[in-house]
Each structure stands twice: as structure tokens, then as C-alpha cells.
Amino acid sequence: MEIITKKRMMLFSGTIHPALGAEIAENLGIPVSRSELRRFASGEIYFRAEESVRGADVFVVQSHYEPVNEALMEQLIMIDAMKRASAKRINAVIPYYGYSRQDHKALSREPISAKLVADLLSTAGADRVISVDLHSGQIQGYFDFPFDHLTALPILSAYFKDELGLYGDNLVVVAPDAGRIKTSEKLREQLHADLAFLYKRRSRKEAHKIEEMAVVGEVQGRPCVIVDDMIDTAATISKGAQVLADPTFVGATHGLFSGKARQLLEEAPIEQVVVTNTVPIPEERTFAKLKVLSIAPLIANGLRAVFEDSSVSEIFGGDNQV
């Protein structure tokens, strides 16, 4: 007996950012698969796929955003359900990877939480992870199966080319720290701009506290673009803008905007803050300077490449390597 099977793609979305899941599915030309996802009275999570996933290539979309522990547990339960329902391949799609900044030990007796998240995903039954602009590229090495790293750089680059083209060669791309120089260099090449970076010395004892900030490079009287992987409390961005020339623009993949971030960005000498929708941005965290670009078409292209077993890196011309 000979049976010819067809590949089948299915996409399930968690509750943290269903709008993004729906937009990715629309770009892929498929519906979001039906499921029941709710909480018991005790707060425990219940999930059941309402369609058969047997033999399917399943993509489980969930950003690890507020409440991050709920988001992570929800995705783990969904993956476990897919594994027990005989899905052929389970792909964890994580637009924003939680705990990514806890990727090493800075002090004794600290955890490496990013590695713990990787272990949890592996144990739950994921066969592959797809994520966007990791805080640290070494997180890919925490997995013993394929990890596809996507980058929002083409989206940010295209936007700034259109908006800032009038500045020509006078533009300067600024890395917010030494760790972002490689990404900033790629954006600099695409914008045909110069490069500078901010030197910052963080407190080893107090999270998010910056003890010293200075700029390295020629920025006087020149428009600047600060590019980063995320904006959380906005302490780095707001202080960096104060030592740079006017006008200053900011681009980042993940707009977390925690704490007083909105206030700091509104008060800082910044013309515009550009982020993507890897995480939902509630109305109370939006502000006049904010521009949100959709990451859905880019993620959809990555998922399509994974499903078709074609190259993901070719989509980005190799710029997704960190």
C-alpha cells in the first residue's frame, strides 16, 4: 500500500496578542484555527484544539508579554496539547521572547532564565522556535533543535528611508550601547549614514539605573537615529537623546513601554519613536510621537519559508544573523 500525504499548515494564537495572530494568518491566506482557551475559577489554564491537528505543521503564536508568566504557561499548555494530538511538527512562534535579558549570570547565585524558558519549550514538545530580534543571539544556542531568528530591520530601514531621505548623507545611526553596534552598522549601510554609539555604565546592583552616559562619534548638528531591540523603561533612550543633536529619531522592534516610559519619551527631545507590533500596545501607553509598524507580513514570510522548507535567511539577505 502506498499513501501520498499532503502537508497541512495550521496556526493557533494565544490570548496575549490575538490581533497579531489574526494578521499573520491573513498574510498567509489561512484562518486562525479554532480552539477553546479559557481559565478555570482557580486561575488554571484550559486549552483544546477544536480541529484535528494530526499530521499537521502547527504554528503556535504567542508573545511573552504582560502578564509574561501567564503568556508563557499558556503557550506551553498549547504545545503540550498539540504533541498529544499527534501534530507532525510543532513550531513555537514567539514575536517577543520573554526573559531574554536574563541570558547570563552577572552576579553569583543568579538564574539564567532565558535558558530555563528554552528548556520549558523543549520539554513541552516544541520542534522549532521562530522569534524576532532576540536581545541576545546566544539564546539560539540554548535549543537542541532549529531556531529561526527573524529581524524587523527591513521594516525599520524602509520606513526611515522614506521619512528621513531628505537628510541624505548627513544622517547618523546611533547604537545605544556596544552590544547593538552590529545591528546599527547594518542599518547604517542601508541608510547610507554614519555610525556613532552611546557609552553607558549601568548599575550592577539596581536594575535599569544608568550611572554614566556619553556619545562616541560625530553627531553635532546632525540628525540621529537611535536603533535598539526594545524600549522598556526608556531610560537609555531618553538620556541618550539628551546628549545627541536635534532632531533625534528612535527605532526599536519591541515597544514594551514599562513604568514611566511614556512620560520619559514624551518629555525627551525626540521627534518620533518607531516600533513594531510584536507586543500589544494598550491605549494608555500610546503617545503622539509613537508610530507602530506591522511585523505580521515579515513573520508570515518566515513561517511560509519554514512550512515550505526553504531558506529563512534569504528573506533577510543574511541580516537576521546576530
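Modeller: F257 and F287 are both buried, meaning under 20% relative accessible area, with exposed over 50% and partly exposed in between (1.4 Å probe, protein chains only). This is a predicted model: local features need pLDDT of at least 70, side-chain atom pairs need 80 or more, and totals for chains, interfaces and linings use all residues. Residues are numbered from 1 along each chain as its sequence is written, and side-chain values use heavy atoms, without hydrogens or water.

Biologist: Why is the pair of F257 and F287 called edge-to-face?

Modeller: Rings of Phe, Tyr and Trp (its six-membered ring) pair if their centres lie within 6.5 Å; planes under 30 degrees apart are stacked, over 60 edge-to-face, the rest tilted. The centres of F257 and F287 are 5.8 Å apart and the planes stand at 75 degrees, so the pair is edge-to-face.

Biologist: What makes this pair a link between distant parts of the chain?

Modeller: F257 lies in the loop between β12 (248–255) and α7 (261–267). F287 lies in the loop between β13 (272–276) and β14 (290–293), 30 residues apart from F257. Helices (H or I, at least four residues) and strands (E, at least two) are DSSP runs, numbered from the N terminus.

Biologist: Why is β12 called largely enclosed?

Modeller: Eight of its eight residues are buried, so the rest of the structure largely encloses β12.

Biologist: How do you know that R38 sits over the ring of Y46?

Modeller: The rule wants NZ of Lys or CZ of Arg within 6 Å of the ring centre and within 35 degrees of the ring normal. The charged end of R38 is 4.5 Å from the centre of the Y46 ring and sits over it. Likewise, the charged end of K7 sits over the ring of F307, at 4.7 Å from its centre.
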